[in-house]
Amino acid sequence: MSSLSMLRAPLDGEEFLDIDTLDALDDWTVLEKFSFQTYKREKGKAIWVCAEEDCWWRVRAGFVEEEEGLVWLIVVEREHSCIS
């Protein structure tokens, strides 16, 4: 595990080699002390939501149209509406 100083929250629009290398979400959960779950996952795209029911936090990932193989992270809602 990395030290806390090396952890960071991902940026909206950031690109990753594939969904399996998108470990920046794990860093984000450690930094801000929350949990998430996979809402939907298909080949090359996924949606993650906060583990707390009715929370607005949501992140998506999908293929970058111009770059074959890359996935693009889209932060739909960065702020949590839950108390976590």
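1. Strands S3 and S4 run antiparallel and are joined by four bridges. Across this pair, Ala-46 stands opposite Ala-61 of S4. Strands here are DSSP runs of E with at least two residues, helices are runs of H or I with at least four, and both are numbered from the N terminus. Two strands count as paired if DSSP finds at least two bridges between them.

2. A word on the source: this is a predicted model, in which local features need pLDDT of at least 70 and side-chain atom pairs count only at pLDDT 80 or more, while totals for chains, interfaces and linings use all residues. Residues are numbered from 1 along each chain as its sequence is written, and side-chain values use heavy atoms, with hydrogens and water left out.

3. As for confidence, pLDDT is the predictor's own score for each residue, from 0 to 100. The protein chain averages 83, and 90% of the residues score at least 70.

4. Now the whole sheet. Five strands make an open sheet in the order S1-S5-S4-S3-S2, with antiparallel pairing. Its edge strands are S1 and S2 (36-42), each of which pairs on one side only. Strand S4 (residues 58-63) pairs with S5 in the antiparallel sense over six bridges, and Gly-62 has Trp-72 of S5 as its bridge partner. S1 and S5 also run antiparallel, joined by two bridges; there, Phe-16 is partnered by Val-71 in S5.

5. Which residues does Glu-77 touch, not counting those up to four places away in sequence? They are Trp-56, Trp-57 and Arg-58, where contact means heavy atoms within 4.5 Å. Glu-77 belongs to strand S5 (residues 71-77). It counts as partly exposed because its relative accessibility is 27%; buried means under 20% relative accessible area, exposed over 50%, and partly exposed in between (1.4 Å probe, protein chains only). A polar atom of the Glu-77 side chain lies 3.3 Å from the backbone nitrogen of Glu-79. Between Glu-77 and Arg-60 the C-alpha to C-alpha distance is 9.8 Å, with 17 residues separating them in sequence.

6. The aromatic residues deserve a look. A search of the whole structure finds four aromatic pairs. One of these is edge-to-face, because the rings of Trp-28 and Phe-34 have their planes at 85° and their centres 6.0 Å apart. Rings of Phe, Tyr and Trp (its six-membered ring) pair if their centres lie within 6.5 Å; planes under 30 degrees apart count as stacked, over 60 as edge-to-face and the rest as tilted. Thr-29, in helix H1 (residues 24-32), is in contact with Phe-34 and Phe-36, leaving aside neighbours within four places in sequence. Thr-29 is buried, at 12% relative accessible area.

7. Finally, please check two loop residues. Lys-33, in the loop between H1 and S2, has a positive phi near 55° without being a glycine; at 64% relative accessibility, Lys-33 is exposed. Asp-54, in the loop between S3 and S4, is likewise not a glycine and has a positive phi of about 70°. Asp-54 is exposed too, with a relative accessible area of 66%.

Key: Polar contact = N/O pair within 3.5 Å; in protein donor to acceptor, adjacent residues only side chain to side chain.
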